[in-house]
Structure formats: structure tokens, C-alpha cells
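Here is a short report on one model. Look at the sequence and the fold first.

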Amino acid sequence: MRGAMQPVSRMACNGAGFLPIILLFSHTEHAVMSDCYAVIGNPIAHSQSPFIHAEFARQTGQDLHYRALLAPRDGFTSAARQFQAEGGKGMNVTVPFKEEAWRFATQLTERARLAEAVNTLQFGAEGILGDNTDGAGLVRDLQNNLGFSLSGKTILLMGAGGAARGVLQPLLAQRPARLTLVNRTPARADALKRQFAAHGEILACGYAALAQPHQLVINATSSSLHGALPPLPETIFTPGALAYDMMYAKEPTLFLRFAAAHGASRLADGVGMLVEQAAESFTLWRGVRPDTAPVIALLKSC
Ligand code: ATR
């Protein structure tokens, strides 16, 4: 059903309104009692989140139902409210609704407040909690999966849009030696530098001002989506550097190909981050942390 919100499966949800069904058909209690979650976005058909959360649920023995929900571009709030009213426990939020979800939440975690974007909602009696697990997902992928400790490293973060904003504070919290934020429009990098000043030092610049090589270069621009390459100098990677593209695609992105050709010795795309941010959401909702390694391996083998 393109362009319209998909209906929620009432039988699978645990809303107060379904109590009579539970009482009447106690033999179906297992299916009726499953907690409902969804990822909401537009488009959404490509989303791997239902697969990832189904794997997490299977692995941890959690009884839940997780689906993809397509909302009209102007219909996020009503779709989220309807999902909540029908018993939904939580949602992941993806493009283009993360900023709207930030305004929709009635309470925010500190990292979501700073990111000005929410990718995880939790519906509770006290209200709607908004969190942003993207930065934590990136940091976990870098440190736990790729074995790249951020402390004391020189990091170049490319981009000053929502994707960069969402990971800035978690990166700074790891105390890198230097974090340079580069953007095609340098004024946007400057604005973020000022906004995050309390969380650590950021050097902000445009691509023409880049001089020193970096141990980690992260692409948080949307350039890979457009088949474009930010104008990086060829000397931007130290020997042994890690190049990380937050996007992922079947073939290596232009940025990763550029990195391989110009001295980066390690390349990573955003699949690990995708699974790790999902694991953070799952842990918030269910109180149990899934094992991400087998799920990352499954996605990479597809
Ligand atoms: P998102 O929320 O995905 O970060 P966004 O807010 O539109 O999306 O930001 C996109 C980012 O990618 C911006 O930093 C943009 O640079 P500008 O601020 O100068 O527009 C950056 N970007 C997009 N295409 C790019 C390219 N070809 N080269 C360099 N930077 C690019």
C-alpha cells in the first residue's frame, strides 16, 4: 500500500481495548499478548529493521511483533498516535520523520535533545519518550565490532546535516584527540561547533581548508545517496586509517572507493551502525541486549 499508512494488526497487539478478546479466546493468548513495535518512514519498503528486530526477538526469546509502517509525508503524527492508541509499545523512526518525532515526544533523552532528532519512541503511561540511538550505534560499531578505539584519535566527520548532528556528542564523549567537522557549506559546520561547544572541542571548516591527515574519516553527508563524492584531499588518510561511510549499498560507495585508492587501510559501511542502533532501541524497549554480530553477518551475506 504505497502512500497510505498500513493498518496495524490488531490481533497481534496488546492494547487495553483488546482485553475481551484475550478473555474469550485464552488459547490464543500468546499471539494476542505480543507487544507491537514498528518502524515508520516514507519510503519504508526497503527497511531492514523488521528483519533485524525479528532476529533480535528470536535470539532473546522476546515475544514481540515488529512491522514496517508507511506514513504519508504529512501524516506522521496521526499515524504514530493511531499506532499508540492500538496498543503499540514503541517505534523506530526513519527518514523523513526524525525531526517531527523529536517534537512529538513528550520527554527526551539528553542525546536526543542534542541531536534534535528522534529515531526511537517508547510509549508509556508517563508519556512518549524520544531517544536517538544513532550515535551510540556508530560508536559501538566502531569500538566493539571494528576494534577502533576513539579515544586519542584524530577524527574527520564530513557533513553538518541531521546525520552528523546525531553522532557528534557520542563521538565527543569518547574523547578523541581532535574532531574536525567539515562541510560543503562551512557556516553549517560552524553553527554545530558553537552548539556543541559544551561537549568538547570541534574544529569546523570547509573542504578547501583540510590539511592534516586523519586516523578516522566518517562520511555523514548524503553524497553517497546521490552518487557524489565530497571534495576530499587525497592526503586525508593517515597510514592505517579507517574510512567509514554511514550509508550502505551493495557495492562500495564512491567515498569508500576513494578511501581505498588513497591510503585508508580499513573500510566500513553503515550496516554495523544500522544493526547497533537497532540493538540500542531493542535494549531500551525490552531491557535485554541482543547479540549483534550474527545479525550483522546475516545482513552482509545477503
Ligand atoms: P541528513 O539529515 O541526511 O544529514 P541533510 O540535513 O540534507 O541530510 O544534510 C546533508 C549533508 O550532506 C549536508 O552536510 C550537505 O552539505 P551542505 O550543508 O553543504 O548542503 C552534505 N552533502 C550533500 N551532498 C554533498 C556532496 N556532494 N559533497 C559534500 N557534501 C554533501
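This is a predicted model: local features need pLDDT of at least 70, side-chain atom pairs count only at pLDDT 80 or more; totals for chains, interfaces and linings use all residues.

Residue numbers start from 1 along each chain as its sequence is written.

**The sheet.** Six strands form an open sheet in the order β2-β1-β3-β5-β6-β4, with mixed pairing. The edge strands are β2 (64-70) and β4 (107-108), and each pairs on one side only. Strands are DSSP runs of E with at least two residues, helices are runs of H or I with at least four, and both are numbered from the N terminus. Two strands pair if DSSP finds at least two bridges between them. β1 (residues 35-41) and β3 (residues 88-93) run parallel over 5 bridges. V39 has N92 in β3 as its bridge partner.

| Helix | Strands touched | Angle |
|---|---|---|
| α3 (residues 49-60) | β1, β2 and β3 | about 175° with β2 |
| α11 (residues 271-286) | β1, β3, β5 (120-124) and β6 (127-131) | about 10° with β5 |

Contact means C-beta atoms, placed from the backbone, within 7 Å. Angles run from 0 to 180 degrees between N-to-C directions, and axes are lines fitted to C-alpha atoms, for helices over the stretch in contact.

**Helix α7.** The 12 residues of α7 (residues 134-145) should span 16 Å at 1.5 Å a residue, and the end C-alpha atoms are 15 Å apart, which agrees. The expected span is 1.5 Å times one less than the number of residues. Buried residues in α7 include D134, L138 and L142. Buried means 20 or more other C-beta atoms within 10 Å of a residue's own, with C-beta atoms placed from the backbone. Their cover includes α6 (110-115), α8 (162-172), β11 (237-245) and α11. After α7 comes G147, with a positive phi near 65°.

Key:
Two residues are in contact if their C-beta atoms, placed from the backbone, lie within 7 Å. A residue is buried if 20 or more other C-beta atoms lie within 10 Å of its own, exposed if 12 or fewer, and partly exposed in between; C-beta atoms are placed from the backbone.
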